[in-house]
Amino acid sequence: MLLIISQNKRIARSISDTFHYMSILSYAATPHEALSEVSELYRAVLIIAPESFPDINDYVSRIKSYKSDMPVFALTEATAPSHYPDVFDGVFTKPHFTPAMAEKIICYANENNRGKIGDYYLGGFDASSSTVGVYYFNTRLSLTKTEAMILRYLIRSYPIPQNAQNILKYAFKPARMPEPSSIRTHISVMNKKLERTIGKRLITLKPGKGYFIMTPEYAKFMENR
């Protein structure tokens, strides 16, 4: 997942929507919100207009204090100050954010850091952004775009069960967020498609906790308990 930070939440959401369109999980946050968002879920951070931050050096240091190996990138409209390379893992300059710009950020992150943005592999599933469609081993699954994003989030958050609120927060665009009750319907439809295609339902509900993917490893762990 990619954490997008901006003083302007509208701009952050607009950029997040671009990554969503590219099948990349991302979340938009203000600087204050972002400090409580940093977690193992995220593989990188993108700060928009770092020149608008009172002390960008201190802010990046605070992010790194929560997760030291988190790569932090910057997107600025102006020529980047000479000290930025010492602050960020990568600095990008462009007047307007576009899918092509997003692709550059993805490529740079994947080529220079361990965590790869857009890779979603788990227990035979491949829902990566670089793959056309979603697969279970060699079988293509007939998932909708919404269902594919839900699957990507469950892959990224594995093995921690996720409730409906979290799935809505991270797998849906804010402007198109349905009621929490709809998640149960989405999961039910996804499981029916999996059963019809590969002969088994792999998204399980842990009562009181949430949904998770039943991988062979997890199934074996449950048998040996």
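Visitor: How many aromatic pairs does the structure hold?

Guide: Rings of Phe, Tyr and Trp (its six-membered ring) pair if their centres lie within 6.5 Å; planes under 30 degrees apart count as stacked, over 60 as edge-to-face and the rest as tilted. Here you'll find nine aromatic pairs. Take Tyr84 and Phe88: their ring centres are 5.4 Å apart and their planes stand at 80°, so this pair is edge-to-face. Keep in mind that this is a predicted model, where local features need pLDDT of at least 70, side-chain atom pairs count only at pLDDT 80 or more, and totals for chains, interfaces and linings use all residues. Residues are numbered from 1 along each chain as its sequence is written, and side-chain values use heavy atoms, with hydrogens and water left out.

Visitor: Are Tyr84 and Phe88 buried or exposed?

Guide: Buried means under 20% relative accessible area, exposed over 50%, and partly exposed in between (1.4 Å probe, protein chains only). Both Tyr84 and Phe88 are buried. Glu179, on the other hand, is exposed, with a relative accessible area of 58%.

Visitor: Where is Glu179?

Guide: Look in the loop between α7 (164–171) and α8 (181–198). Helices (H or I, at least four residues) and strands (E, at least two) are DSSP runs, numbered from the N terminus.

Visitor: Which residues do ring pairs link into a cluster?

Guide: That would be Tyr27, Tyr153 and Tyr170.

Visitor: How much space lies in the largest pocket?

Guide: Rolling a probe the size of a water molecule over the atoms shows where empty space is left. On a 1 Å grid over the protein atoms alone, a pocket is an open set of points where a 1.4 Å probe fits, with protein on both sides within 12 Å along at least five of seven lines; lining residues have an atom within 4 Å of a point. Grid points are joined across faces, edges and corners, and a volume is the space filled by probe spheres set on the points. For the largest pocket, that comes to about 640 Å³. It has 30 lining residues, and His20, Tyr21, Met22, Ser23 and Met149 are the closest to its centre.

Visitor: Which element gives the most to that lining of the largest pocket?

Guide: α6, with five residues.

Visitor: What about the second largest pocket?

Guide: About 290 Å³ of space lies there. Its lining counts 18 residues, with Ile11, Ile15, Ile48, Glu77 and Pro95 closest to the centre. In this second largest pocket, α1 gives the most to the lining, again with five residues.
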